Amino acid sequence: MKRGWSSVLILLAVFLIAGTVQANTITLSDPGNRYSNGGPFTADVNKTTPDALVGDPFTTFCLELTEYISFGIAYDYTIADYAVGGGGGAVNGRDYLDEASAWLYYQFRMGFNDYQGNAYNQKALQAAFWDIEDEKTIPASLTPGTVEWTAAGYIGAANAAVAAGWLNNGRVVVLNLSLNGVNKQSQLGLVPEPATLLLLGLGLFGIGVSSRKFRK
């Protein structure tokens, strides 16, 4: 029985702890509708060990304006709540994800519509993320209908949601990409709700107990 408990605890630790997953890689491709040199990107994940990252493939966006990736390269990644290095707002080499960015990405990944009831404009999302994370400021004077004008609306909706009490609670994470130990870029990712992780743990525990009974 002790061995079964140990297996469950190890698996739960893998899913719950946001740490280095050097054995797993992520490859980015261009979906053809990028904003400037940023996203959106299509991310394909190759998992050789379990982690909490949700979706494969999935759409992601970059957080750092002056860090770059190449398409078709398999990058190592770590899961964290901050961008390594970082640009605007970084403290001691860590640029923590803003709750407004987390809210926007969460709405997008969950398939919700924007504040006007439309599907999210992915170019505008990238512009919004860069503005929120102090990478590239959107001008105050904007022409209605432009990407930046739409992004400004997203930023306003995100700030209002955070001011009303929305919390990320670790659902949206930062994927810090590296190659041969060199930091390359920080992307956005999603992990399960805490309740989903709890159910997963209970399910793993049930499997362990059942297998133990069969061995008897």
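How many salt bridges does the count come to? In this predicted model, the count comes to 3 salt bridges. The legends below present these pairs and then turn to helix H4.

**View 1. Asp30 and Arg34 form a salt bridge.** The closest N and O atoms of the two residues are 4.0 Å apart. Asp30 is partly exposed, with a relative accessible area of 40%. Arg34 is likewise partly exposed, its relative accessible area being 24%.

**View 2. A salt bridge joins the side chains of Asp51 and Lys47.** The N to O distance is 2.9 Å. Asp51 has a relative accessible area of 5% and is buried, because the limit for a buried residue is under 20%. Lys47, at 37%, is partly exposed.

**View 3. The side chains of Arg171 and Glu193 meet in a salt bridge.** The distance from N to O is 3.6 Å. This pair links distant parts of the chain, the two residues being 22 residues apart. Arg171 lies in the loop between helix H4 (147-163) and strand S7 (172-179), whereas Glu193 lies in the loop between strand S8 (182-190) and helix H5 (194-215). Arg171 counts as buried, with a relative accessibility of 11%, while Glu193 counts as partly exposed at 26%.

**View 4. Helix H4 is shown with its buried residues and the glycine that follows the helix.** H4 has 17 residues, which should span 24 Å at 1.5 Å a residue; the C-alpha atoms at its ends are 24 Å apart, in agreement with that expectation. The buried residues of H4 are Thr150, Ala151, Gly153, Tyr154, Ile155, Ala157, Ala158 and Ala161. These buried residues pack against helix H2 (99-109) and helix H3 (122-132). After H4 comes Gly165, which has a positive phi, near 115 degrees.

**View 5. Helices H3 and H4 pack against each other at an angle of about 60 degrees.** Two packed helices are described by the angle between their axes and by the distance between those axes. For H3 and H4, the axes are 8 Å apart and the angle is about 60 degrees, which makes H3 oblique to H4. The crossing of the two helices is right-handed. On the H3 side, the residues that meet H4 are Lys123, Ala124, Leu125, Ala127, Ala128, Asp131 and Ile132. Their partners in H4 are Val147, Thr150, Ala151, Tyr154 and Ile155.

Conventions
Residues numbered from 1 in each chain as written. Predicted model: local features only at pLDDT ≥ 70, side-chain atom pairs only at ≥ 80, totals over all residues. Heavy atoms only, no water. Buried < 20%, exposed > 50% of the residue type's maximum accessible area, 1.4 Å probe, protein only. Helix = DSSP H or I, 4+ residues; strand = E, 2+ residues; numbered from the N terminus. Expected span 1.5 Å × (residues − 1). Contact = heavy atoms within 4.5 Å. Axes fitted to C-alpha atoms, helices over the stretch in contact; angles between N-to-C directions. Parallel < 35°, antiparallel > 145°, perpendicular 65-115°, else oblique. Left-handed = near helix turned anticlockwise from the far one by under 90°.
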